Amino acid sequence: MPDQSTSQKSLKALSPEQTAIEVRNLSLRFGKKTALRDISLKIPKHSITAIIGPSGCGKSTLIGCFNRLNDLTPDCQVDGKVLVNDKNIYGSRQNVPILRSQVGMVFQQPNPFPMSIYENVVYGLRIKGITDRRILDDAAETALNMAALWDEVKDSLFQPAMVLSGGQQQRLVIARALALEPEILLLDEPTSALDPISTLQIEELIFGLKQKHTVVIVTHNLQQAARVSDQTAFLNQGELIEYSKTDTMFTMPLKQQTEAFITGRFG
Amino acid sequence: MSSQYLKKLQKQRLRRDRRVAILITSGGWLVLVALLMLIWHLFSVSAPLLGAPSLKQVNSWQLSGTGNALAVGNNAFGYYLYWQNEECTSSLVQLSQEQKSISSQRVLRSACAEKSQIISLQNELYLADLASEGRLRVYHLSIAPESSPKKQLWFSVRLPNDIELIRYQKWQVQITRDLVLFTAETPDKQSELLAFSRTTRELEYRQIIENGLLSATADSGNTLAWLPSGILKFGAQDNTFYAKEFLTKPKRIIQSPGAKSFYLLYDKGVEKFTFANQLGQLSILKQFSLSMDTSINDFKLAPSGQTSLIFSNNMVHWLNNTTGELMTSEALVHGSSYRYLDERHLLIAHNDKLTKWEIINPSASITASSLWDELWYDGYQQPDYVWQTSSASDYQQPKYSVVPLVLGSIKASFLAILVALPLGFGSAVYCGFFVPFRVRKYLKPAVELIEAVPSVVIGFVAAIWLLPIAEKYLAGVFLFILFSPIALLVFGVIANKWGVRLKNGWELIFAVVCIASFLTLFELAWSNDSHGAHMSLLHQWVDSVFELHANKNTLVLALALGFAIVPTVFSIAEDAIHEVPKSIQLASFAMGATRVQTLQRIVLVAAMPGLISAAMLGFARAFGETMIVILVSGNTPIASWDLLDGVRTLTANLAIELPEAQVDSAHYRILFFTALILFGFTFVLNTIAELLRIRSRRNFGSLK
Amino acid sequence: MVPLSRPAWLTKMSGRFVNIVWPNWQLFFAGLSLIFTLLALVTLLLLISSKGLSYFWPKPISQITFDVPTGNKTVYAYAYTPIEHGDIEESLWLQLDDYHHNKQSAQYYLQKTQVISEEQPTELVRVTLRDSRFLLAKPVFVEALGKRLDISELAIQRKIVSRLQEQKRDIQLGSLASIHSTLYDYDQRGVAKDSRAYRIQVESYNELMNDIATIDEIVSQYQLHYQTADGVVKKISLQDIKKVSRVNALSIGTKIAHFFDGIVQFLTEDDVHDNRSGGVYPAIFGTVLMVLLMTVIVAPLGIIAAIYLTEYAPNNAVVSVIRIAVNNLAGVPSVVYGVFGLGLFVYHLGGNIDALFYADKLPTPTFGTPGLLWASLTMALLTLPVVIVATEEGLRRVPQNLRHASYALGATKFETLKKVILPAASSSLMTGIVLAIARGAGEVAPMLLVGAVKYAPVLPIDSDFPFVHLERQFMHLGVLIYDGAFHGQAAQPSATFMFSACLLLLIVVTLLNMVAIYIRAKLQSRYRAQVNA
């Protein structure tokens, strides 16, 4: 069995080519309230990283830093660096919309636009300026296939997206994000609003994504984290408590807090 | 898709985003500024009312020799001045059309031996001359700029032989519409007054008046003579004597342009009196009296009669002739004689300098007292609150008390609330609490449909159709409204006794049936019998009780205005009642309370802020309503709390008077001030109502 | 029964009696209020509809003989519902039968006892003249080119006359017009007046003028001879007659046709006689034009302001205050906006524009007086808060979720607005705009100050450049109604015309409101954003 510290060391020792996202001393304040405290970690490419922790610990805030969606909240102050593809996204020359098209996000509540299924999926591409119908069609089919939705909707692409069920809507939203072919996909509790069957479907989907994408998934469902992810980060009250390979984290947690959380004694 | 192209596209996107942001921000600010400008404009037009008038010198001329301006006249070439240099030399100074320069100064020589007096009447100059042999001559002066003034004998009469001219030192001549008045004062302070007819030159009137004074003739042709026992008014038609005991002899008596009032000028004070005619009883009533610290050098009445200038100790004071308030302005003005050129300009002479002054901000002579106090107006028996800004006669003292208007608005809104609150709240309670959902879906929009009816239509129907009916059936309608609830009560008892059970929503039908039957019964009891000659007993009795008090306009106004604001009250009250969380209602029912108990104890209490808010908004809406009030009420401004008097509201007043008001006049500014009152009042009410609503929502926000 | 919560004094006074009734008392009272309110509304609508529509229904002409001090008098007149003054019942009769005299119509208030006889002979006709006056008479015969013809020939003769008129018009507009232009052309080119070509033209011109004179002369020989109620026979040229209808002998079908014809006349004609009859076309035109102009101004500005307040403005105290201020401005009395419009727009801005651009026309004001532009601007300001509030509410209802989703896909703020937020809020937007339109069409108080007049001689839009004359005054339906009521000439019997105007205004406002509801429903179903369970 690999040593706990080895697992952590290996994560720390990732080279830039192997790292999808590197977080260096990231602190974040909303006004007076500190949400994240001095977080540093490296997320490897083509893997699934889970972020767990009790409610309000800053999980969503953390991934909100990866696509700078936190900018939308007023009074947001960020210190430290977040490097995507070795470039600090909080640097002055960052084009935020472009960043967001490269780092996709899926939210907890399925939020398809009030448009047709097709239009939902190609929304991101249209935004970018792509108007060629063939390209859009191809991209839509690919994305819907990746989201395991194609077979179900291929005959009703132009129906409004609202007619889909909850699980289907969530998969649609994933397809929408995938259509932009992002390198990194952020998932914020993607299945917590869904029933168990849909949850399983989506977990399978996520698992298949790691071939070509880096996935970061926030979840409060520990079993899901254990099932799906390669490495797990445990956050508590804005601080990164422990970050290591999933199997070692769940079988031999290093910190007492982690163990207490995993065994359900708090959170 | 080349990456070059995509990169350019991305830049374009960002640029467009920024440009749109600028456009929207500036557009947003533009709109907000426009709305704020509304408020600012109202303030800026009313603001000048706050300050005080002041004088500004605009021109000055040099004249030959020092002197006094005795009279100002107006001919085709502009204004001219009768200027007296010394005892024996006077000259006529003609000012150019725009009063920018002096175009001529002609000297009139007069013999020193002859004494003369200049009289100015209706822009014409007359010269009165008393020769030592006892002949009184009055010449009319016609002025043309390039030539000498022409003296034309206009009136000549020989004074009675018994008048010893040598003894008379001070004499005065005044001209009325058909008389020439002559008074002279003997060394022992006796005066004699002679009145000659202009046409026949006969002596019509002669009287020893002790210590009498003669006022200058007003444009109306009246002249007043002050006597210690009263005032003699030589009027256009007749002469009247108003008895009043005066204790001190004034220095001058000055008449108001409209001849309804006059001023007595003392060394250190001014008093204003009005003539009153009460059922044939003539009297003089004192309107106000003013006393000052320093002696008054001169007192000049403005041509309009609304303000006066008091010159004292080289300071200029403005007297508001209606309120009797003194406003002091800054300037130290040195002058020996002062003349009003027109309403906005003054001529002041000092030594050999003639200066022209402009009056800045004349509207500021309006004070808070003008607007809010009970003032004694000319011709009135006692102080009163009056709004009257125009009249048929030439000289009219404008009365600017906004009190009748404010009272009118409050009364009208109050009447409307009286009608709208029961109707609105009742309907809201029924609709929001008792009625099942599928009925409410139709009932609520049905009542709110009233809001869509333009108020001019409601006003029109009320004025054209309802008023005549009310005139005929006034007492009947009133009683019907009064007794319906009792009738319903009775029906309810009967229904209960017979064990009628009513399902949810069916009470409405039952109520309709009740009202219909009551209406029929009422009509039968009320109407005349078939011959039309004898009214039913009920009708007669009611007529005798109500005839004296009822005013159909008030009733119809209450109904129409109340009807118009019911949707406002209903909408908000209904929302408040409906939004009371179901959970606490269910809890109440679960504890065994009846519908009505839950309504009273839980729902109404919880919805109370919303209900108060609804009442306030209804009141505010009625306060701001214009068309219905104009069409239905009598539009007479009366300051009384009596609901049955006529009303004129602030809104109706604006709609009626503003189109006619002259821009930047005091009237105009005061109207804007009333608009400001309207704005402020509704704004405050709306804000409080909104805060109440937010609070009620917050209280129950967490519950579902 | 559970002890009830009534006040103690009531129990003491009424004891058991109240015990039975108390629970139902409030219910009944509440129901009563609702009934009263709805009843009042229904009565109002029925009243306006019935009186308004009755104006169009052809009224029979009566021949009435009544008693006057100088003897008996017979007139042809319209009867109106009797009025009661106290115990005396009076009827109003409205007569027009001699158009040679002034346009005023004669009114008779007769008491029942004065009336000797009242009939409705079928031969009586109502002749509507080309200048919209009308007269009531008994036709005797038709005179055509000196020959006496029976009344039944009237229609044919009128056709002949109208054909002749057409011929004349053809000449005028055709050959004569072309001669005019040719002559004008010649003058421009300096062709000599005694040249052959010129003279030919002049000859043709004279010939045509002769033709026209001939036609005129012929036409004038067609007359209708009619008899007034007092037996005097008068005549009137057929060319002055617009319509002849035998009102007392109409079948139901014809009556219905007249009914609709009357409605059309009402909507398309432009002359109002003493607020008693006529057409309200200019008022409709003016109202619609003003509302259109107002919408064009208020819609974009209101939406932009709302977008600014919701999406772009910083979230500080100043902006909150401004938001509250804007909300409250919706409750400010409309007459205050009129005051502002008069003071700032008409006198201040208008005066300055006049001084700068129209100084030669002074002291007659061009823009310094109430007119179309200022009225539209004032109404735009008045309805601005309504649009802003409605749009804001709609924007707020779009879930944050949706916004975030769009941003997360890399859209800029503008793109998110355009593609996601505005479509989702579109129904509220539409609601706001149409509420504004409905309010703009119905508010009269500001119009009294900044816009409409009782009678405007020309429409604000015509064929002279610049086609839309913003400085002109215009007529407004609401002002028309106000004028009719306030100046009291719409005495009760003849007020049906005014009721028709009220009905029209009601219909217009209702239509607009219904359009609002329809569009809102449509947009709601199309763009319904996700509703959280």
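Two residues are in contact if their C-beta atoms, placed from the backbone, lie within 7 Å. This is a predicted model, in which local features need pLDDT of at least 70, side-chain atom pairs count only at pLDDT 80 or more, and totals for chains, interfaces and linings use all residues. Residues are numbered from 1 along each chain as its sequence is written, while chains are lettered from A and ligands numbered from 1 in the order in which they are written.

**Exercise 1.** Describe the contacts and burial of chain A.

*Solution.* Start with contacts in chain A with a separation of 6 or more: 70% of them join residues 24 or more positions apart. Next comes burial (20 or more other C-beta atoms within 10 Å of a residue's own, C-beta atoms being placed from the backbone): 46% of the 267 residues in chain A are buried. Finally, the C-alpha trace of chain A spans about 55 × 45 × 35 Å along its principal axes.

**Exercise 2.** Find out how chains C and B meet.

*Solution.* First count the residues: chain C gives 78 and chain B gives 85. Then sort the side of chain C that touches chain B: 58 residues are nonpolar (Ala, Val, Leu, Ile, Met, Phe, Trp, Tyr, Cys and Pro), 3 are charged (Asp, Glu, Lys and Arg) and 17 are polar (the others, Gly among them).

Notes. Buried ≥ 20, exposed ≤ 12 C-beta atoms within 10 Å, placed from the backbone.
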